[in-house]
Amino acid sequence: MMRPADSPPAAPSGRFVLQGGTIHDPAHRRDGVVDDIWVVDGAIVPPPADTQGFTRIDVRGQVVMPGGVDLHSHVAGPKVGAGRRIAPGLLRRSPPAVPTIHTAGLLYAALGYTTVFDAAIATSAAPIAHLELADLPILDKGIYLLAADDADVLAAVDRGDDAALRRLLSATLRAGGGWAVKVANPGGPAFWKHGRRGDHRDLDTPLPGMTVTGRLVLERLARAVQALGLPHPLHIHTANLGLPGNWRTLVETMRSLDGIPAHLAHVQFHSYSGGDLDETTFGSGVAPAVAWFNDHPDLTLDVGQILFGETVAMTGDAAAAEHLAHATGVPWMAHDLHLEGGCGVLPIRYREKSLVHAWQWAIGLEWFLTATDPWRLVLSTDHPNGAHFTAYPHLMRLLADAAFRREAFARIHPAVRSKSPLAGLTREYTLQELCIITRAAPARIAGLATKGHLGAGADADITVYRPDRDLARMFAMPAQVFKAGMLVAADGEPRNLPTGRTLTAPVPPA
Amino acid sequence: MTGPASSADATPAAGLCAACPLLCDDVALETLRVEPACDHGAAALLAASTARPAATAWHAGRPILDPSALAHAADMLAQARRPLVTGLVGCTIEAVVAACDLADAAGAAIDAGAIESARAAGPTIARAGEVTAAWEELRDRADLVLLWHCDPSVSHPRFGERFLDPPLGGGGRRATIAVAAAPPQGIGGAVRHLPAPREAAVEMARAVHLLVTGRSAADCLFLPRPLADACTELHRAIHGAACVAIVTADASDTVGLEPWSIVHLVRAIAHEKPAFQIPLGPGIAAGAGSPAGAAAVLAWRYGAAGAVARADRLAPRLLPGEADAARLIARGEVDVVLSVGHPAPAVAAAIAARGGDLGIVALSDAFAPLSWLGVDGIQIRVQSLLVETAGTLLRGDGRSVRLSARREADRPATADLLHTLCGAVLERQLRPAAEAAP
């Protein structure tokens, strides 16, 4: 990380004003307007009548956005620890594929991100995850609890006892300090643990020893989360991740929710056409899935884009990890938890010339470019599963620069070039749209009222970029990043290391 | 919720025995009676509950006052050319975090002395992975348990009673087969013993792997006939089981072939049916507390479970099989050792072998001077882990357990003392050179 000679001085953390910046604040329909941002004690305030005592920071000609919000990442907890240990070679890379918790905080801040959620923490792992997150500097942070795998939750779903289900979810979130409820492969752990390997192909197979199906698990959980009034709707990693033909499962997942708010995680991994485990028929199943998504405003999603290179896959979907590990023969870590699910971890290398990987890359971009409402779509790589979060600027340029995208497209597997709809997609994201999918939309979808915007009352989480025609370069190294009004990074270098807050959901009493 | 693990799982366990990594949470400690702890746990709990030691710190084996001990310890660490932080087992996760802070401040190497960090070929997880489960999963689901050259009744005295003896969930029967030179002691129920020397463990795992993946018994004739027959019997048992657990102990094999062979066998079985390994580790031999907790904290701080050549949360240097505590001490690459909790047996042996040229600072809840401390070591007594400390521990299978204090302490918690020591070391490092000069 370089520090130019003209680095700005550390800004005071009390009262200051960013003067004359080009503001992108989609929540307030400010799209490239020149304005000032006033900050008092860590919060954005209206322009004050008395401006004495404010330090003036000149940001004329620079782009000002809210701090980034990563809605779906994996930064802490036992599976991330396993991810660090399973590929020591990738730890020595710069940046490390699975950074230490301290490095993760610095890298996120240097990138202009100020809030992150770990999207899959087993309920029994919540205490240790919180201890680890206490070591994450700068960022505000929260966890989604894999409460849907709890044996008692499943039993309540099986009984159709909605009151008990709400009580259990409420108690679990309070005890585990969670922000949201996550389900990974609904009902999948029951199949995984009861010996029927590889035959879980739809949402309508009753779970072993129960009458309930994956579809019912989804429906009842989503309703319970809605009834509890949690800030974020049910966060769904649906079944059959990574398998050819799984677009049907994704569409069925959306169909079964039928008007209930829900968030679909890393849809790229769930949008494949093709026959049963047949690589040659592998292809894109985005079109029918995105058509359904575009027509159903209660649904939101994050993409889980893959980018080429080496990384580590980690998931609460132990069966999916086993499938991949068996196919590739790489080191594989799995751990079954008592009375809930488990996890799977393995290293992976995405290659441009691999048919499957090239399809995955194209499918993710196809989602970005064909989903019509950026307010319901979040930029993610499912870090580190699809790619490292530091690759976000590269991904942003792929979305906003069609020529750059065409160059990359020309390098991938020829069979994908000839068949992918991506070849005909010319859409280019605007700066405002990039701002939406990296901060405004994820904050709104996560239910963070004081983040993702620059209006009065918002946390003063602010990122200042130097304009650059190369958007990857621009987004990779913000000129200044403020967290709660404190300068935390400038030109890629850390400046202050505040602790950051742990975000826990306001949960109604059981 | 049903059972203690079904919710966020750090609920206070008033009856927790932290005398070994099993962390039995069903122990009732009364004034002079511990029920139903094992002999090891009962002795440790009773000793911690009843002893009233007079001294709080020792220097060269003689009692000294706390402030003097702390100042001397801080001087040693601040002046060290290359310190090592080790132990990290008989203490809470909060104390391990504080030890990492101190290691960062002192530019120390850090390693808990686990054998996985010392393997010449690197940790098994990086070569093959690990397929494991919570111990209750074994208890409730495994209808076939293979005790693979291990005897839990010796290493983890109540493991059999708590996890092997209870009936399976759903009421089925569990078969237990011990593969070892001698039959295990003290495991209840019928255990089938297949005699096999430890030296044959890798070849036997390979043979069973071949059978599981569809090869014939004729392919296993690289083994002597009795061992080949044993492998055939193991394969039959695996084939007939619904869920297989393979319980292992730490292999002393420094290359790491034995753990590698077991992971591959478990992976092959797990592709067909539920299967997992239960790596028990050294158990009582590791002493009280939480080896898994040390591994977890080091992984989030530095990216590895141990063998951290330089503790630096931004750019840690990791050298498995090279920068483990015992090797660093034996090669004379460290001049001061900070032992938090208690060191692994191999590390204690390496310290004792170095003799008097090694500075030692030991934070321990022991009541008397430690035998391995050396001629000039500093030892400061901290809260008893077993009866005075509150905090978080990780059981050997990674489950969080909340430890609560049973009695008021007259000593600082290990974490608090480490914070104080860290501050003292930093203060000495920042002291202007002129002031420090004579």
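**How the descriptions are reached**

Q: What share of the contacts in chain A between residues at least 6 apart in sequence join residues at least 24 apart?
A: In this predicted model, the share is 77% for chain A. For chain B, among contacts between residues at least 6 apart in sequence, 67% join residues at least 24 apart.

Q: How do you know whether the radius of gyration of chain B agrees with that of a compact globule?
A: A compact globule with 438 residues would have a radius of gyration near 22 Å, and chain B has 23 Å, which agrees. Chain B is built with 15 helices and 19 strands, its C-alpha atoms fill a box of roughly 80 × 45 × 35 Å along the principal axes, and 58% of its 438 residues count as buried.

Q: Why is A:Asn246 called buried?
A: A residue is called buried if 20 or more other C-beta atoms lie within 10 Å of its own; A:Asn246 has 23 such atoms within 10 Å, and therefore it is buried. A:Asn246 is found in the loop between strand S10 (234-237) and helix H9 (247-257) of chain A. Not counting residues up to four places away in sequence, it touches A:Asn240, A:His270 and A:Tyr272. A:Thr370 is 124 residues from A:Asn246 in sequence, and their C-alpha atoms are 19 Å apart in space.

Q: Is B:Ser384 buried or exposed, and what makes it so?
A: The cut-off for a buried residue is 20 or more other C-beta atoms within 10 Å, and B:Ser384 has 26 within that distance, so B:Ser384 is buried. Its place is the loop between strand S17 (378-381) and S18 of chain B. Leaving aside neighbours within four places in sequence, B:Ser384 is in contact with B:Ala48, B:Asp365 and B:Thr389. B:Ser384 and B:Ser364 are 20 residues apart in sequence, with 8.2 Å between their C-alpha atoms.

Q: Which strands stand at the edges of the open sheet of chain A, and why are they edges?
A: The open sheet has 8 strands in the order S6-S7-S8-S9-S10-S11-S14-S18 (chain A), with parallel pairing. Strand S6 (68-73) and strand S18 (377-378) of chain A each have a single partner strand, so one side of each is left without a neighbour in the sheet, and these two stand at the edges.

Q: How do you know that S10(A) pairs with strand S11 of chain A?
A: Pairing requires at least two bridges between the strands, and 3 bridges join S10(A) to strand S11 (residues 262-264) of chain A, which run parallel. Within this pair, A:Leu234 stands opposite A:Ala262 in S11(A). Helix H8 (residues 214-228) of chain A lies across strand S9 (180-184), S10 and S11 of chain A, and runs at about 175° to S9(A).

Q: What joins strand S16 of chain A to S7(B)?
A: There are 5 bridges between strand S16 (residues 332-336) of chain A and S7(B), which run parallel, and at least two are needed for a pair. A:Ala334 stands opposite B:Val131 in S7(B). In terms of contacts between the chains, 51 residues of chain B are in contact with 43 residues of chain A. By class, the side of chain B that touches chain A has 27 nonpolar, 12 polar and 12 charged residues.

Q: Where are the domains of chain A, and how many residues of each are in contact with the other?
A: The domain assignment gives domain 1 (15-67 + 452-494) and domain 2 (69-388 + 430-445) of chain A. Their centres, taken over C-alpha atoms, are separated by 31 Å, and 20 residues of domain 1 are in contact with 18 residues of domain 2. On the side of domain 1 that touches domain 2, the largest share, 3 residues, comes from S5(A).

Conventions. Residues numbered from 1 in each chain as written. Chains lettered and ligands numbered in written order. Predicted model: local features only at pLDDT ≥ 70, side-chain atom pairs only at ≥ 80, totals over all residues. Contact = placed C-beta atoms within 7 Å. Nonpolar A, V, L, I, M, F, W, Y, C, P; charged D, E, K, R; others polar. Helix = DSSP H or I, 4+ residues; strand = E, 2+ residues; numbered from the N terminus. Domains from an automatic or database assignment. Buried ≥ 20, exposed ≤ 12 C-beta atoms within 10 Å, placed from the backbone. Axes fitted to C-alpha atoms, helices over the stretch in contact; angles between N-to-C directions. Rg over C-alpha atoms; globule rule 2.2 N^0.38 Å.
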